[in-house]
Amino acid sequence: MGDKEQRIKRLDNSYTESKTLETFRAQKHKRKLKRRMQFIIATGLLLVLLVGSSLIKSYISLQELDEQRAIAEQELESLGLQQEELDYYISLLENEEYVAKLARSEYYLTKDNEIVFSFPDDRKPDHLEAGEEGDLSEEFIEEDD
C-alpha cells in the first residue's frame, strides 16, 4: 500500500508555499505557547507547594505551642493550689497558740510540770504534709530525728 502513487498532486506556486509557511509558523507558535503555559503552571505549582509547606510547618508548631500552653496552665493551677496551701500554713504559723502546740508536739517542749508521751503510731504534723517529698525542710527535720 505504501507503493501507491498519490492521487492528489501538490501545486508548487507562491500561494501554496505561503499557506504552508503560515501553517508551519502557526504550529511553531502553538508549541511555544504550550511550553510557556507548562512553565507557568510548573512555577505556580512550585510556589503553591512552598507556601503550603510553610503553612503546614506553622500549623504543626502552633499545635505544639498549644500543647505546651495546656501543660503550663495545668502546672500553674497546681502551683496555685500549692500556694494556697502554703499560705494557709503561713497563717497558722502566725498564730502563737499553734506555734506553741507545734513546738510541743515536734520538739517535745513542755510547759512547767507537763509530761509528754510519744507513740510510734503518731502521724506527721500538718506542716510536713504541705511540702513535697523532696522539700529541704522535711529532709532537715528527718535528719535531726
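1. Accessible areas here come from the Shrake-Rupley method with a 1.4 Å probe, and for residues only the protein chains shown count as cover. On that basis the protein chain exposes about 14100 Å², and carbon and sulfur atoms supply 58% of this area.

2. The model is predicted: local features need pLDDT of at least 70, side-chain atom pairs count only at pLDDT 80 or more, and totals for chains, interfaces and linings use all residues. Residues are numbered from 1 along each chain as its sequence is written, and side-chain values use heavy atoms, with hydrogens and water left out.

3. The protein chain has 4 helices and 0 strands, in the order α-α-α-α along the sequence. Helices (H or I, at least four residues) and strands (E, at least two) are DSSP runs, numbered from the N terminus.

4. Of the 145 residues in the protein chain, 6% count as buried (buried is under 20% relative accessible area, exposed over 50%, partly exposed in between, with a 1.4 Å probe and protein chains only). Among contacts (heavy atoms within 4.5 Å) with a separation of 6 or more, 34% join residues 24 or more positions apart.

5. Helix 2 covers residues 96–107, 12 residues in total. From first C-alpha to last it reaches 16 Å, close to the 16 Å expected at 1.5 Å a residue; the expected span is 1.5 Å times one less than the number of residues.

6. Tyr 98, Leu 102 and Glu 106 are the buried residues of helix 2. Seen down the helix 2 axis, the buried residues fall within an arc of 50°, so they line one face; the arc is that of the directions from the helix axis to the C-beta atoms. An α-helix has 3.6 residues a turn, so residues three or four places apart point the same way. On the other side of helix 2, Glu 96, Glu 97, Lys 101 and Tyr 107 are exposed.

7. At the start of helix 2, a side-chain oxygen of Asn 95 comes to within 3.2 Å of the backbone nitrogen of Glu 97. After helix 2 comes Tyr 108, with a positive phi near 55°.

8. Rings of Phe, Tyr and Trp (its six-membered ring) pair if their centres lie within 6.5 Å; planes under 30 degrees apart count as stacked, over 60 as edge-to-face and the rest as tilted. This rule gives 1 aromatic pair. The ring centres of Tyr 88 and Tyr 89 are 5.2 Å apart and the planes stand at 70°, so the pair is edge-to-face. Tyr 88 is partly exposed at 47% relative accessible area, whereas Tyr 89, at 13%, counts as buried.

Terms used: A polar contact is a pair of N or O atoms within 3.5 Å; within protein, one must be able to donate a hydrogen and the other to accept it, and residues adjacent in sequence count only if both atoms are side-chain atoms.
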